[in-house]
Amino acid sequence: MLPGRLSEEFLAKVRELLHKAAEEEVEYGAAICFSEEKGLFLGEACRGDECGIESPDMVGCPPGSTRVGFFHVHTDPHLVWSESDFETFLTTEWIKIACLAALGQEHILCSDFGEYPVRSGLYILASGEREEGRDLLMAFSRIGSAISGYHLSWFVKEWDNEEPADMMWELLLSLEQAADTCNSLADLFGEEAFRYCFLGALHGAFKEILKERSTPLEELKKKLEEES
Ligand SMILES: [Zn+2]
């Protein structure tokens, strides 16, 4: 079960590992431990390949507590589980709760892999509070935005050299890829997840376009007006 908030001890360790990951540009991980007295807290930490997500067994918890999950830091700004993350969490018996922080993100994503469908919550890094009510929607909209941001980033750079028709074609292709990814989320989280995820992707895509490329869109509009 995901807690209502993350403790200050938990957050302090997350900030420490985020700092190290940023400084060394290497992923960090840690066991998530539970005791009646402290609730959830982070145990032994590991660095880079030695705690690769394929071998989370590297990390342990202090005596008197139980190892219930795995936390790690992504060195890219995407607060979204990778394919191998999903695979590991769903196939490693002791991992019930998994939490993720990413460089530049102000939230921690936690998912409860001990239940089905898998539930996710977003926690504010500064306070540890859970985003109440809208947390699931936000989690998926952020996941979707990150996915679309990733798919869009590779072609947005090329837009200066593209005809508007090609541009829109590329956009459709990238949204198609986002839909594929959202579909795989739907398998894990249930049907509604697809809607949230894809809405997030659309939102992310348009935000990206408006932010990065207002000029080509203006030109596209002009060109369409001229043609009509
Ligand atoms: Zn990961």
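## Model and confidence

This is a predicted model; local features need pLDDT of at least 70, side-chain atom pairs count only at pLDDT 80 or more, and totals for chains, interfaces and linings use all residues. Residues are numbered from 1 along each chain as its sequence is written.

pLDDT is the predictor's confidence in each residue, on a scale from 0 to 100. The chain has a mean pLDDT of 73, and 55% of its residues reach 70 or more. Confidence is highest in α1, at 96, and lowest in helix α3 (residues 135-156), at a mean of 48. The pLDDT is below 50 over residues 144-159, a stretch with 42 contacts in the model beyond near neighbours in sequence. It is also below 50 over residues 209-217, where the corresponding figure is six contacts. Two residues are in contact if their C-beta atoms, placed from the backbone, lie within 7 Å.

## Overall layout

The chain has six helices and six strands. Both are DSSP runs numbered from the N terminus: helices are H or I with at least four residues, strands are E with at least two. Along the sequence the pattern is α-β-β-β-α-β-β-β-α-α-α-α. Of the 228 residues in the chain, 36% are buried. Among contacts with a separation of 6 or more, 61% join residues 24 or more positions apart.

## Strand pairing

Strands pair if DSSP finds at least two bridges between them.

| Strands | Bridges | Direction |
|---|---|---|
| β1 and β2 | seven bridges | antiparallel |
| β1 and β3 | six bridges | antiparallel |
| β3 and β4 | six bridges | parallel |
| β4 and β5 | four bridges | antiparallel |

Start with β1. Six of its eight residues are buried. A hairpin of three residues joins β1 to β2. Gly29 has Cys46 in β2 as its bridge partner. Ala30 stands opposite Phe71 in β3.

Now β4. Leu100 is the bridge partner of His72. In β5, Leu100 has Leu109 as its bridge partner. β4 and β5 form a hairpin with four residues between them, and Gly104 in that turn has a positive phi of about 85 degrees.

## The nonpolar core

A nonpolar core is a set of buried Ala, Val, Leu, Ile, Met, Phe, Trp, Tyr and Cys residues joined through C-beta atoms within 7 Å. The largest one here has 37 residues. Ile32, Ala98, Cys99, Leu100 and Ile108 have the most contacts inside it. At least two of its residues come from each of α1 (8-24), β1 (28-35), β2 (39-47), β3 (66-74), β4 (97-102), β5 (107-112) and β6 (119-124).

Which residues does Ala98 touch, not counting those up to four places away in sequence? They are Gly69, Phe70, Phe89, Cys110, Ser111 and Phe113.

Glu44 sits in strand β2. Because it has 15 other C-beta atoms within 10 Å, Glu44 is partly exposed. Leaving aside neighbours within four places in sequence, Glu44 is in contact with Ala30, Ala31, Val59 and Gly60. The C-alpha atoms of Glu44 and Gly60 are separated by 5.5 Å, though the two are 16 residues apart along the chain.

Glu25 lies in the loop between α1 and β1. Is Glu25 exposed or buried? Glu25 counts as exposed because it has 10 C-beta neighbours inside 10 Å. Its phi is near 50 degrees, a positive value in a residue other than glycine.

Key
A residue is buried if 20 or more other C-beta atoms lie within 10 Å of its own, exposed if 12 or fewer, and partly exposed in between; C-beta atoms are placed from the backbone.
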